[in-house]
Amino acid sequence: MTRRFRATPYLFLFPAVALIGVFVVYPIVAVIYYSFTDYDIVRPPVWIGLGNYAKVFADKTFWLALTHSLIYLVVTPILITLSIGLAIVVNRKLRGITIYRALYFVPAVSGSIAIGLSWRFLFDRTGFINSILQSLGIIHEPIQWLATPSLVLPIAMLLTIWAGIGYYSVIFLAGLQNIPEELYDAARIDGCNDLQKHWHVSLPGLRPQIVFVGVISSLAALKVFDEIYVLTNKTGGILDSGVTMVFYLWRQAFQLQHAGYAAAIAIVLLALTLVFSMVNVRLLERQDADR
Amino acid sequence: MKLKRTLTMALATSLLFVACNSAASPSPSSAPPSTPPASTAPASAGTSSAPASVAPSALPVDPAEAVIPNVEANAEITFWTFYLSPTFDQYIKDTIARFEGTYPGVKVTWADHQATFQDDLKNAFAAGNAPDVINLSVSEGWVSDYATKNLLLNLDDKVPQAVKDIYFPGLWKEQLVDGKNYQFPWYQGLNIELINKRLFEKAGLDPANFPKTIDGIPDLCKTLKEKASTVCDIRLTVNDLISQMVYEGNVKPISDDGKTFTFDSPEAVAWLQTYVDMVKAGTVDNTALTTTDDRTGLLLFSAGQAPFYATGPNLIRDVKANNAQLYADLATAPAPLGKSNVTGKGLMSISVKADTKFPNASMALAQFFTNPRSMVAFAKQVSIYPSSPEAFKDPFFSSAPAAIEDSARPLAGGIIATYADIVPTIPKKADVNQIVLKAIESALFGDNPVPAQQALTDAVKQANELIK
């Protein structure tokens with residue numbers, strides 16, 4: 001029996017394949033190609049081989065940006081801890097708890113640029129925080145928060161945590177609500193107090209969510225851009241104090257017009273994120289094997 | 001049920017708040033520009049073709065304005081402006097209509113681009129569909145940026161001498177690349193200081209005695225901090241620091257043969273040391289000092305939180321719109337002179353794309369917008385100034401100013417006549433500027449600031465490596 005070629009399935013596949021080809025595959029291939037060229041966006045690219053990669057590894061600012069991006073990963077455990085804590089709090093059957101749940105979720109549905117601008121106003125020399133501190137007599141002269149190199153990255157990280165906590169806590173809340181109540185009853189009968197109950201029942205029960213949140217929040221931390229762009233007003237902070245990998249990539253491509261060099265940075269970033277994705281896959285595989 | 005309703009209400013309110021908040025906040029792509037254009041119209045880019053006929057209020061067609069010969073028949077050209085729509089839509093449409101009447105057969109399509117102007121233009125050049133005629137900022141060095149990449153038309157070889165002579169010589173010759181000019185000088189600004197009289201009075205200072213040279217600024221800021229508890233709102237031109245060094249510190253940035261950077265000279269160190277001392281004394285706002293966004297300082301000033309701010313009189317209307325109380329308490333003073341003794345350089349220009357199909361029609365449009373007649377009409381709408389001596393002969397410029405934003409009008413012609421671009425061509429300018437910025441920041445900030453001399457010497461070494 002001969003198999004007849006049928007075009008219909010391919011016709012159905014075509015729109016998706018075409019879209020992925022144009023908006024995903026082609027840009028990736030183009031970035032790989034540009035990473036081997038000297039390209040300033042307005043003139044045709046010139047092939048320079050591995051020149052950009054050699055430059056990347058000798059570039060002090062690149063290493064500083066990489067360090068900042070790795071430091072930024074600190075937000076991941078903090079986010080997980082605070083989000084689980086918040087999920088446990090809002091998982092109680094209290095009066096009006098749904099309102100709190102909705103309020104905590106507001107930053108997740110707000111634009112990152114809008115949030116960033118609000119935070120910039122908070123931390124301005126004449127902003128809300130300095131006004132409060134001055135009126136309480138804690139400081140006499142306003143602190144130039146965002147013009148102090150050692151404070152830029154912590155403020156950006158704080159913003160990421162504040163904006164992400166509501167979103168991730170919803171994921172943990174869903175996980176908590178899937179944990180059978182009998183397990184808590186058993187723990188109580190065994191003499192566990194509230195803290196022990198969560199340590200021995202909630203945390204193991206939330207393991208899939210912890211892995212998921214850990215991976216996606218660390219990938220997001222590695223790719224952080226909006227917070228730095230807005231808080232530092234496109235400068236990356238004094239002495240590059242807030243420059244992260246993606247911000248540096250953007251600066252090279254669009255401020256300095258070194259699109260070829262920026263493409264090489266993008267490929268290095270891609271390699272890093274691939275490592276995180278592989279860790280993700282391994283963790284999920286191990287989790288499946290444990291079941 | 002009740003809870004569900006409450007939750008729905010809360011969510012709805014939150015979403016409404018978020019929606020309003022997002023709408024009111026500019027996205028990165030609509031962030032304000034780094035250069036203060038004459039127009040501050042907060043509008044999105046608009047595209048429009050010129051109207052078929054001139055509006056009743058528009059100037060009549062005058063064949064004497066046709067000064068560019070051999071304009072191509074039936075040319076269709078595109079024109080991009082920077083931040084002029086919608087405030088000046090009518091003026092631009094009227095001028096285009098008059099141009100089309102003056103050069104029959106030529107059709108112009110106009111588009112105004114705003115915060116994304118530079119990105120749009122680079123992408124358009126990359127895609128091969130850049131506009132024929134382009135409004136470029138001279139003050140931000142855009143003309144030399146594009147001209148050094150051979151993207152603009154060399155006007156010196158194509159424009160008749162009689163047309164070149166229409167403009168102030170200093171403006172025609174500014175931003176030369178390899179000795180050639182690539183722009184028609186368009187509207188100009190005056191450098192003035194906006195002064196918050198209340199803060200000055202609190203510090204016991206008289207705005208009339210504002211320093212005439214930049215040497216007086218550190219002492220002024222010290223007094224303001226001590227007596228009015230405020231810090232100065234000064235901005236380093238972070239996109240073009242070499243230029244600032246040249247005008248303020250009379251620094252020679254590069255050797256005559258253009259092969260060695262020299263911005264670590266005693267003049268350069270003295271210039272940087274002035275800022276180092278002010279940062280150390282805590283008399284300047286560090287955020288405003290190093291921002292790429294010129295509007296940061298203007299917003300601080302408009303909010304009444306800064307004692308003075310250097311800008312153009314055209315931006316007084318921002319203060320008027322944002323803070324009527326401050327507008328009533330506003331004084332102005334000429335911007336203090338730097339050690340170069342040059343008052344300033346041009347603001348905006350119009351260039352022509354190098355590979356345009358219609359070079360003569362494009363030059364004709366660029367020239368038409370910058371000619372004295374068009375410029376006088378423009379100056380009557382907003383506090384900008386023409387680029388030609390002839391335009392200043394119009395009685396409008398000798399009439400008594402009614403508002404503070406026009407107070408410099410009678411003196412403008414004399415000041416603009418002295419404008420000159422004294423900064424030589426800097427190879428790899430953006431990269432060199434980045435090196436200089438980092439050097440300056442390392443001298444100004446951090447727990448262990450680098451001495452000014454060392455910071456600049458290191459920067460010169462790095463910059464020289466770039467042009468080896």
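Q: What makes up the secondary structure of chain B in this predicted model?
A: Chain B comes to 19 helices and nine strands. A helix run needs at least four residues and a strand at least two, so these counts rest on DSSP runs of those lengths.

Q: How do you know which share of chain B is buried?
A: A residue is called buried if 20 or more other C-beta atoms lie within 10 Å of its own. Of the 468 residues in chain B, 49% are buried.

Q: What makes domain 1 of chain B and domain 2 of chain B touch, and how many residues are in contact?
A: Contact means C-beta atoms within 7 Å. Here 12 residues of domain 1 of chain B are in contact with 12 residues of domain 2 of chain B. On the domain 1 side, they divide into five nonpolar, five polar and two charged. The centres of the two domains are 29 Å apart, going by C-alpha atoms.

Q: How do you know what span to expect for helix 4 of chain A?
A: The expected span is 1.5 Å times one less than the number of residues. Helix 4 (residues 75-90) of chain A has 16 residues, with 22 Å expected, and its first and last C-alpha atoms are 22 Å apart.

Q: Why are the buried residues of helix 4 of chain A placed on the same side?
A: The buried residues include V75(A), L79(A), I80(A) and A87(A). They cover an arc of only 165° around the axis, so they sit on the same side of helix 4 of chain A. On the other side, P77(A) and T81(A) are exposed.

Q: What do the buried residues of helix 4 of chain A pack against?
A: Their partners in chain A are helix 3 (60-72), helix 5 (97-105), helix 8 (149-177) and helix 11 (207-222).

Methods:
Residues are numbered from 1 along each chain as its sequence is written. Chains are lettered from A and ligands numbered from 1 in the order in which they are written. This is a predicted model: local features need pLDDT of at least 70, side-chain atom pairs count only at pLDDT 80 or more; totals for chains, interfaces and linings use all residues. Domain bounds come from an automatic or database domain assignment. Two residues are in contact if their C-beta atoms, placed from the backbone, lie within 7 Å. Ala, Val, Leu, Ile, Met, Phe, Trp, Tyr, Cys and Pro count as nonpolar, Asp, Glu, Lys and Arg as charged, and the others, Gly among them, as polar. A residue is buried if 20 or more other C-beta atoms lie within 10 Å of its own, exposed if 12 or fewer, and partly exposed in between; C-beta atoms are placed from the backbone. The arc is that of the directions from the helix axis to the C-beta atoms.
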